[in-house]
Amino acid sequence: RHSHRIEAQADLIMSLVDATRDITLMELQSRLVEQGHRFGIGTLWRFFDRRGVTWKKRPRTQASRIVRTS
């Protein structure tokens, strides 16, 4: 079952993603609220899953330190 409400906003959602390629789901959710649309993270996740859109997000890690071993 597809949500007709989110599918009606597909062009808006995809344009936001295209404009900011490294946007997170939470950032996307906030931008949609600014436009007057409320969708849960799970709803957004399923929306992208139906389209085969995936991207990995990892928190930044500290740079590795090179330590002399000898």
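**Helical fold and nonpolar core of the predicted model**

Beyond its neighbours within four places in sequence, L32 is in contact (heavy atoms within 4.5 Å) with L12, I13, L16, H37, F39 and L44. The structure is a predicted model, in which local features need pLDDT of at least 70 and side-chain atom pairs count only at pLDDT 80 or more, while totals for chains, interfaces and linings use all residues. Residues are numbered from 1 along each chain as its sequence is written, and side-chain values use heavy atoms, with hydrogens and water left out.

The protein contains four helices and zero strands, the elements running α-α-α-α from the N terminus on. Helices (H or I, at least four residues) and strands (E, at least two) are DSSP runs, numbered from the N terminus. The predictor's confidence in each residue, pLDDT, is given on a scale from 0 to 100; its mean for the protein is 84, and 74% of the residues reach 70 or more. Where pLDDT is low, predicted coordinates should not be read in detail.

Of the 70 residues, 21% count as buried, that is, under 20% relative accessible area, against over 50% for exposed and in between for partly exposed (1.4 Å probe, protein chains only). The largest nonpolar core comprises 13 residues, of which I6, I13, L28, L32, L44, F47 and F48 touch the most other members. Such a core is a set of buried Ala, Val, Leu, Ile, Met, Phe, Trp, Tyr and Cys residues joined through side-chain atoms within 4.5 Å. Helix 2, helix 3 and helix 4 each supply at least two residues of this core, and the largest share, four residues, comes from helix 2. In soluble globular proteins, nonpolar side chains tend to be buried together.

One aromatic pair was found. Rings of Phe, Tyr and Trp (its six-membered ring) pair if their centres lie within 6.5 Å; planes under 30 degrees apart count as stacked, over 60 as edge-to-face and the rest as tilted. The ring centres of F47 and F48 lie 5.2 Å apart with the planes at 80°, so the pair is edge-to-face. F47 is buried, with a relative accessible area of 0%, and F48 is likewise buried, at 3%.

Q9 is placed in the loop between helix 1 (4–7) and helix 2 (10–19). Apart from neighbours within four places in sequence, Q9 is in contact with H37 and F39.
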